[in-house]
Amino acid sequence: MTTPLFLLRCVQLGISMADMELLSIGLVNDMFVESRNDGYRYCELGTQEDMDRF
């Protein structure tokens with residue numbers, strides 16, 4: 001990951017310069033990936049019954 005791409009991801013997530021001191025590059029990457037998954041419509045979702053069987 002290049003520095004400009006990292007800074008772009010931070011801006012997209014709303015991370016301030018002060019916040020960046022507390023976060024690792026990997027954590028910012030994980031936050032970005034999860035933010036893109038928020039709107040994904042899964043065709044099948046697990047229920048509580050599924051979790052109980054798991």
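Arg53 forms a salt bridge with Asp50, and the closest N and O atoms of the pair are 2.4 Å apart. The model discussed here is a predicted one. Why can these two side chains belong to neighbouring turns? Arg53 and Asp50 are 3 residues apart in helix α4, and therefore about one helical turn separates them. Salt bridges that share partners join Glu49, Asp50 and Arg53 into one network.

A search of the whole structure finds 2 salt bridges. The two are set out below.

| Arg53 and Asp50 | 2.4 Å | 3 residues |

Asp50, at 30% relative accessibility, counts as partly exposed, because its value lies between the limits of 20% and 50%.

## Aromatic rings and a nonpolar patch

The text now turns to the aromatic residues. The count of aromatic pairs comes to 1. Tyr40 and Tyr42 form this pair, with 4.7 Å from centre to centre and 70° between the planes. The arrangement is edge-to-face, because an angle of 70° is over the limit of 60 degrees.

How accessible are Tyr40 and Tyr42? Tyr40 is exposed, with a relative accessible area of 52%, while Tyr42 is partly exposed, with a relative accessible area of 48%. The cut-off of 50% falls between these values, and therefore the two residues receive separate labels. Tyr40 is placed in the loop between α3 (25–37) and α4 (48–53).

Tyr40 and Tyr42 also take part in a nonpolar patch on the surface, together with Leu45. The accessible area of the three residues together is about 390 Å².

Another contact involves an aromatic ring and a charge. The charged end of Arg9 sits over the ring of Phe32, at 4.0 Å from the centre of that ring.

## The chain as a whole

Which elements of secondary structure does the protein contain? There are 4 helices and 0 strands, and the pattern along the sequence is α-α-α-α. The radius of gyration is 16 Å, well over the 10 Å that the globule rule gives for 54 residues, so the protein is more spread out than a compact globule.

Other values describe the extent of the chain. Taken along the principal axes, the box filled by the C-alpha atoms is roughly 45 × 20 × 20 Å. The C-alpha atoms of Arg53 and Met20 are separated by 41 Å, and these residues are 33 apart along the chain.

Of the 54 residues, 13% count as buried. The protein exposes about 4800 Å², and carbon and sulfur atoms supply 57% of this area.

Note on methods: Residues numbered from 1 in each chain as written. Predicted model: local features only at pLDDT ≥ 70, side-chain atom pairs only at ≥ 80, totals over all residues. Heavy atoms only, no water. Phe/Tyr/Trp six-rings, centres within 6.5 Å; stacked < 30°, edge-to-face > 60°. Buried < 20%, exposed > 50% of the residue type's maximum accessible area, 1.4 Å probe, protein only. Lys NZ or Arg CZ within 6 Å of the ring centre and 35° of its normal. Patch = residues over 30% accessible without salt bridge, like charges linked within 9 Å, V, L, I, M, F, W, Y side chains within 5 Å. Areas by Shrake-Rupley, 256 points an atom, 1.4 Å probe, with all protein chains shown as cover. Salt bridge = Lys/Arg side-chain N within 4 Å of Asp/Glu carboxyl O. Rg over C-alpha atoms; globule rule 2.2 N^0.38 Å.
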